[in-house]
Amino acid sequence: MLMESGLPHRVVPVNIRQGDQFAAGFTRWSPNNRIPAIVDHDAGEEGEPLSVFESGAILIYLAEKTGRFLPTDPRARKTALEWLFWQVGGLGPMAGQNGHFLLYAPEKIPYAIRRYGDEVRRLYNVLDGQLARTGAFVAGDYSIADMAIFPWIVTHKAQGLSLADYPHVQRWFGTMRARPAVTAGMEVLRESRTLTAKKDEPRSAAGSAA
Ligand SMILES: N[C@@H](CCC(=O)N[C@@H](CS)C(=O)NCC(=O)O)C(=O)O
């Protein structure tokens with residue numbers, strides 16, 4: 001979103017494998033000790049900088065700040081928010097658990113692998129159906145819903161899925177990847193992520209860092 005909107009920003013790495021998310025300096029901005037969080041030093045008011053945690057809240061905040069990537073028409077806005085929250089409450093947590101039980105759990109638990117695998121496959125099918133209806137993007141025009149969902153499709157191979165089984169998701173994935181801002185966003189901290197991963201295997205299922 002920062003790349004797409006062209007907002008000037010500075011990336012502050014938080015190494016969650018070293019516990020940086022529990023440092024007092026970060027907890028001040030993100031009381032749930034999770035990445036991502038942002039601090040807006042240009043919040044349009046005198047005084048303290050404004051912090052936002054939770055990716056969905058951050059995306060809505062930035063969409064409202066810039067007036068971009070979230071429609072103002074109530075129906076279109078509702079649809080974009082539905083799919084944003086579909087990711088925040090569904091795809092993100094379920095794919096996170098699927099990756100954990102598939103790749104990182106010290107014990108292979110067939111019940112957990114099946115439960116989360118089935119749910120992630122179901123969610124990919126739901127997304128495929130939505131994209132079959134809407135065409136280019138999840139909620140009509142390109143929006144913060146696409147931005148939120150994309151990183152959890154990037155991890156499809158680690159999730160044990162093939163995009164060939166979800167042709168509309170596959171098409172959308174190609175469209176997303178071709179966006180220069182998306183490419184730029186995916187490159188953020190790539191070098192330090194790779195170095196960290198080499199040092200402290202295993203990586204998180206989401207392959208994420210801030
Ligand atoms: N619902 C949160 C989830 C954030 C989240 O789970 N972040 C992970 C990295 S992908 C994290 O910070 N993990 C740190 C930890 O588990 O201690 C959001 O969308 O912002």
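In which helix is the place of Asp 128? Asp 128 sits in helix α5. Helices (H or I, at least four residues) and strands (E, at least two) are DSSP runs, numbered from the N terminus. The model is predicted: local features require pLDDT of at least 70, side-chain atom pairs count only at pLDDT 80 or more, and totals for chains, interfaces and linings use all residues. Residue numbers run from 1 along each chain as its sequence is written.

Asp 128 is partly exposed, with 18 other C-beta atoms within 10 Å. A residue counts as buried with 20 or more other C-beta atoms within 10 Å of its own, as exposed with 12 or fewer, and as partly exposed in between; the C-beta atoms are placed from the backbone. Leaving aside residues up to four places away in sequence, Asp 128 touches Tyr 166, His 168 and Val 169. Contact between two residues requires C-beta atoms, placed from the backbone, within 7 Å. Asp 128 and Tyr 166 are 38 residues apart along the chain, yet 5.8 Å separate their C-alpha atoms.

Val 169 belongs to helix α7 (residues 167-177), where it is buried along with Trp 172 and Met 176. These residues lie on the same side of α7 because they cover an arc of only 65° around the axis. The arc is taken over the directions from the helix axis to the C-beta atoms. An α-helix has 3.6 residues a turn, so residues three or four places apart point the same way. On the other side of α7, Pro 167 and Gly 174 are exposed. The buried residues of α7 pack against α5 (110-134), α6 (144-154) and α8 (180-187).

Helix α5 also packs with α4 (residues 74-104). The angle is about 145° and the axes are 9 Å apart. Axes are lines fitted to C-alpha atoms, for helices over the stretch in contact, and angles run from 0 to 180 degrees between N-to-C directions. On the α4 side, the contact includes Gly 90, Leu 91, Met 94 and Phe 101. On the α5 side, Ile 113, Tyr 116, Val 120 and Leu 123 are among the residues involved. The residues of this contact divide into 10 nonpolar, 4 polar and 1 charged. Ala, Val, Leu, Ile, Met, Phe, Trp, Tyr, Cys and Pro count as nonpolar, Asp, Glu, Lys and Arg as charged, and the others, Gly among them, as polar.

The domain assignment gives domain 1 (2-68 + 189-199) and domain 2 (74-184). Such bounds come from an automatic or database domain assignment. The domain centres, taken over C-alpha atoms, are separated by 22 Å. In the contact, 7 residues of domain 1 meet 8 residues of domain 2. On the domain 1 side, α1 (2-5) and α3 (55-66) each supply at least two residues. Helix α3 gives the most, with 5 residues. The domain 1 side divides into 4 nonpolar, 2 polar and 1 charged.

Backbone geometry was examined in two loops. The loop between α2 (24-27) and β1 (37-40) holds Pro 36. The peptide bond from Ile 35 to Pro 36 is cis, with omega near 5°. Asn 33 lies in the loop between α2 and β1. Although not a glycine, Asn 33 has a positive phi of about 55°. Leu 189, in the loop between α8 and α9 (190-199), has a positive phi near 60° and is likewise a residue other than glycine. Leu 189 is partly exposed, with 16 other C-beta atoms within 10 Å.
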